[in-house]
Structure formats: C-alpha cells, structure tokens
Amino acid sequence: VQNPIVECSTTKGFLAIEVHREWAPLGADRFLELVKDSFYTNIALFRCVHKFLVQFGISEDPTKKHWHNKNLKDDPNIHIGVKKNYVSFAGGGPNTRSTQLFIAFEDLDFLGNEPWETPFGEVISGEDTLNELYKGYGDIPPFGTGPDQQMIHREGNAYIHRLYPKTDFILSCRVVEPVAAGHTLAEIPNILQPEDGHEHHDLILSDFIERAAEENAQPAA
C-alpha cells in the first residue's frame with residue numbers, strides 16, 4: 001500500500017508531502033482530515049526562519065476555527081527524529097497538537113524527542129519552493145520580532161498583510177493519488193524536477209497524475 005500524498009499550492013510554488021502513517025498514525029490521520037476539510041486554505045507561513053523551520057496552521061475562517069481547540073492525543077514516540085524536509089505538528093506539551101505544523105529546513109536533532117513532535121510526513125518534491133519562502137522577518141516573539149501568533153488569531157490575515165506583507169501563504173492543499181499511472185512513488189520527485197534543477201511550479205502533482213493516467217489509457221500503437 002502506497003502512502004498518501006498531499007499537494008499544497010503556495011505563493012512560491014507547490015509542495016508534495018508524503019504522509020507516513022507508520023511514524024505517527026494519529027498525527028497523520030489528523031493532517032489528512034484537516035486537508036480534506038480544506039483547513040489549509042489561505043494559511044500564513046508566519047514563522048519562517050533560515051536554516052530552522054517554517055511553521056503554519058492558524059485559520060481566519062470562522063467555519064474552521066473550531067479545529068484550533070481540538071487537541072490530539074500524542075502518538076507513541078518511535079524516536080525517528082526531525083530530519084530535513086520532515087513535517088510535524090508544532091505541539092507545546094503533552095497532547096497539545098491541533099492544527100499548527102512545521103517543516104524542517106535542516107536536520108533538527110534537538111526536536112523530535114517529545115511525543116508531540118513526532119514527524120508524520122516529509123516533503124518529497126518542492127524543495128525549491130521551501131528555499132524561496134520569505135525568511136526576512138525572523139522568528140516569532142519572544143525569540144524574535146516576526147509575526148505574533150496571538151495577533152493572527154485575533155485579527156486574521158489582515159494583521160499579516162498590514163505589518164508583514166512579504167509573508168508567504170499556503171493557498172490550498174488536497175490529497176492526491178499516491179502513484180501516477182506507470183510510475184512508482186519514488187520516481188515522482190524526479191519527474192517533477194527536471195535535470196536542469198528548476199522545478200516547474202505550474203506543473204502540480206495532480207496534473208501530472210491525470211496526464212499520466214490519460215497516456216496510460218491510450219491503446220498501444
């Protein structure tokens with residue numbers, strides 16, 4: 001059984017996230033549930049720190065805000081650690097995971113030691129997108145002078161647009177088929193990133209899958 005893939009469109013391009021339920025089943029299931037409910041729509045990447053991580057997951061949509069308070073029980077910690085491009089919930093203590101996630105820009109050996117930091121996925125395509133995200137505002141308070149989470153909760157994205165206008169956003173996310181017709185999951189990142197090293201941000205994963213399926217359905221000459 002192949003792992004699910006979540007495709008996210010951002011203001012700097014696409015990301016493809018492979019979900020590893022075997023790492024953290026509760027976390028993986030919650031992420032997929034949030035994606036299917038369109039929670040990650042117009043979501044600010046409000047904490048974006050060079051050589052550290054990007055954090056996101058606060059919605060201004062009144063129909064989605066209830067997810068913020070739906071804390072999730074911790075998964076057993078199998079001690080896989082937080083490696084570059086791994087995706088984890090940004091918990092703040094036991095059983096505090098809800099909607100906020102982070103993607104690691106580097107191996108972060110000091111994270112992943114607690115159950116609420118157990119990764120559930122990894123970015124398998126879109127590293128150029130991660131590299132292009134704006135990182136000039138620094139870390140969030142009290143570690144820096146970047147966007148304040150409480151102000152985002154209070155004022156929504158208007159606060160970000162007013163004071164931190166260069167902040168990037170996740171525009172939308174959706175679950176797509178894990179395997180394109182005639183290709184293995186391992187091949188997909190290479191297909192989406194050609195040899196010249198420049199990802200085609202207009203070629204999103206689902207379009208590739210649909211096109212490959214059409215090609216596969218055509219009768220052989």
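Biologist: Hi! Which rings count as a pair in this one?
Modeller: Rings of Phe, Tyr and Trp, with the six-membered ring standing for Trp, are paired if their centres lie within 6.5 Å. Planes under 30 degrees apart make a pair stacked, over 60 edge-to-face, and anything else tilted. One thing to keep in mind is that this is a predicted model.

Biologist: Thanks. How many aromatic pairs does that rule give?
Modeller: The count comes to ten aromatic pairs. One of them is Phe31 with Phe120: the ring centres are 5.0 Å apart and the planes sit at 40 degrees, so this pair is tilted.

Biologist: Where do Phe31 and Phe120 lie?
Modeller: Phe31 is in helix 1 (residues 25-36), while Phe120 is in the loop between strand 7 (101-104) and strand 8 (121-125), so the pair ties together parts 89 residues apart in sequence.

Biologist: And are Phe31 and Phe120 buried or exposed?
Modeller: Buried, both Phe31 and Phe120. Another aromatic pair is Tyr159 with Tyr164, which is edge-to-face, with 5.8 Å from centre to centre and 65 degrees between the planes. Tyr159 and Tyr164 are buried too.

Biologist: Which residues do ring pairs link into a cluster?
Modeller: Phe31, Phe39, Tyr40, Phe56, Phe89 and Phe120. So Phe31 and Phe120, the tilted pair, turn up there again.

Biologist: New topic: how many disulfides does a search of the whole structure find?
Modeller: One. Cys8 and Cys173 form it, with their sulfur atoms 2.1 Å apart. The link of Cys8 and Cys173 is right-handed, at 110 degrees about the S-S bond. It joins distant parts of the chain, since Cys8 is in strand 1 (residues 5-10) and Cys173 is in strand 9 (residues 169-176), 165 residues apart.

Biologist: Are Cys8 and Cys173 buried or exposed?
Modeller: Both are buried.

Biologist: And why does Cys48 count as buried?
Modeller: Because its relative accessibility is 6%, and the cut-off for buried is under 20%.

Biologist: Which residues is Ile170 in contact with?
Modeller: Setting aside neighbours within four places in sequence, Ile170 is in contact with Ser9, Thr10, Tyr40, Thr41, Asn42, Ile43, Leu45 and Phe56. Tyr40 and Phe56 also belong to the ring cluster.

Biologist: Now Lys64. Is Lys64 buried or exposed?
Modeller: Lys64 is buried, at a relative accessible area of 12%. Its place is in the loop between strand 5 (53-56) and strand 6 (86-89).

Biologist: What does the side chain of Lys64 reach?
Modeller: The backbone oxygen of Asp37, at 2.5 Å. Not counting residues up to four places away in sequence, Lys64 touches Asp37, Ser38, Phe39 and Ser59.

Biologist: Where does His68 lie?
Modeller: His68 is in the loop between strand 5 and strand 6, and its relative accessible area of 13% makes it buried. Beyond neighbours within four places in sequence, the contacts of His68 are Phe39, Gly57, Ile58, Ser59, Ser98, Thr99 and His153. For Ser98, 30 residues away along the chain, the C-alpha atom is 5.7 Å from that of His68.

Biologist: Zooming out, how many helices and strands are in the protein chain?
Modeller: Six helices and nine strands. Of the 221 residues, 50% are buried. Among contacts with a separation of 6 or more, residues 24 or more positions apart account for 70%.

Biologist: Last one: what does the pLDDT of the protein chain average?
Modeller: The average is 85, and 79% of the residues score at least 70. Over residues 179-186, though, pLDDT is below 50, and that stretch has 19 contacts in the model beyond near neighbours in sequence. Residues 189-204 also stay under 50, with 35 contacts beyond four places in sequence. Where pLDDT is low, the predicted coordinates should not be read in detail.

Key: Residues are numbered from 1 along each chain as its sequence is written. This is a predicted model: local features need pLDDT of at least 70, side-chain atom pairs count only at pLDDT 80 or more; totals for chains, interfaces and linings use all residues. Side-chain values use heavy atoms; hydrogens and water are left out. A disulfide is a pair of cysteine sulfur atoms within 2.5 Å. Helices (H or I, at least four residues) and strands (E, at least two) are DSSP runs, numbered from the N terminus. Buried means under 20% relative accessible area, exposed over 50%, partly exposed in between (1.4 Å probe, protein chains only). pLDDT is the predictor's confidence in each residue, from 0 to 100. Contact means heavy atoms within 4.5 Å. A polar contact is a pair of N or O atoms within 3.5 Å; within protein, one must be able to donate a hydrogen and the other to accept it, and residues adjacent in sequence count only if both atoms are side-chain atoms.
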